[in-house]
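The sequence and the structure are shown first.

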Amino acid sequence: SPSWLSERDSKTKRPTPPSCVERAVPVSRLGLREQRGAGRLPRWERHGLDRVRGGFWNRIGPDLEPLPDGHKRLLVHARQIFSFTLGFELGAGDRARAAVAHGLEFMCERFWDARSGGWFRTTDDDGHPLDRNKDLYDQAFAIFALAQHHRVFGAPESLRLAHSTLSLVREHLRDPAAGGFFEGASEDWRPIHGPRRQNPHM
């Protein structure tokens, strides 16, 4: 039976899982290096970058062709920048570095709100802002990506933007009455009231 099944599970003969999860990934730098080098990062570097208009596609299909959604998401860009930065740190090389620069340029030029500060949620495929609201979860991932980029590459502008974003979140999204943070705000940082999720606070 597969190594990731316990002895009890083996005896109950549970159905074999899909092949995509048959091989457990070792939780170690070596395991991450193997996974990122064996196909995941190279696959996204080859097929997930929009090399015409900039930035990253949200999705690629089974045939590895981009699946245009009519918009590009800040969350995708922040996660990809973080992942390619980590990949470079683990030895993925200059193509990972180039993918980081490719995504970071688009994110900073197209998603950053130069007037009010903070990050728009989505742009169209050409990079023009669509959803101009400031989502707490998105702002957190932008901080995450920028901090990682500064840590690995020593980029002072990334650190400055991370600090600026954190200051805006603390100033505009913190709820002084009920505690915690609002889920998001309008373009000019007026809080949007509604149910609150765990993930943005985490």
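Is R190 buried or exposed? In this predicted model, R190 has a relative accessible area of 54%, and because exposed means over 50%, R190 counts as exposed. R190 forms a salt bridge with D188, and the closest N and O atoms of the two are 3.0 Å apart. D188, with a relative accessible area of 43%, is partly exposed.

This pair belongs to a wider set of charged contacts. Side chains of opposite charge can pair when their charged atoms come close. Over the whole structure, a search finds 17 salt bridges. One of them joins R53 and D126, with 3.9 Å between the closest N and O atoms. R53 lies in the loop between α2 (29-47) and β1 (72-73), whereas D126 lies in the loop between β2 (122-123) and β3, so this pair ties together parts that are 73 residues apart in sequence. R53 is partly exposed at 37% relative accessibility, and D126 is also partly exposed, with a relative accessible area of 35%.

A further salt bridge brings together the side chains of D113 and K134, at 2.9 Å from N to O. Here, too, distant parts of the chain are linked: D113 is in the loop between α4 (94-111) and β2, K134 is in strand β3, and the two are 21 residues apart. Both D113 and K134 are buried. For K134 the relative accessibility is 0%, and because buried means under 20%, K134 counts as buried. The side chain of K134 has another contact: one of its polar atoms lies 2.7 Å from the backbone oxygen of E187.

Salt bridges also form a network, which links R121, D135, D138, E183 and R197.

K134 is found in strand β3, which comprises residues 134-135. Strands of a sheet pair through backbone hydrogen bonds, either parallel or antiparallel. In this model, three strands form an open sheet in the order β3-β4-β5, and their pairing is antiparallel. Strands β3 and β5 (191-192) are the edge strands, each of which pairs on one side only. How many bridges join strand β4 to β5? Two bridges join strand β4 (residues 184-185) to β5, and these strands run antiparallel. Across this pairing, A185 stands opposite P191 in β5.

Key
Residues numbered from 1 in each chain as written. Predicted model: local features only at pLDDT ≥ 70, side-chain atom pairs only at ≥ 80, totals over all residues. Heavy atoms only, no water. Helix = DSSP H or I, 4+ residues; strand = E, 2+ residues; numbered from the N terminus. Buried < 20%, exposed > 50% of the residue type's maximum accessible area, 1.4 Å probe, protein only. Polar contact = N/O pair within 3.5 Å; in protein donor to acceptor, adjacent residues only side chain to side chain. Salt bridge = Lys/Arg side-chain N within 4 Å of Asp/Glu carboxyl O. Pairing = 2+ DSSP bridges.
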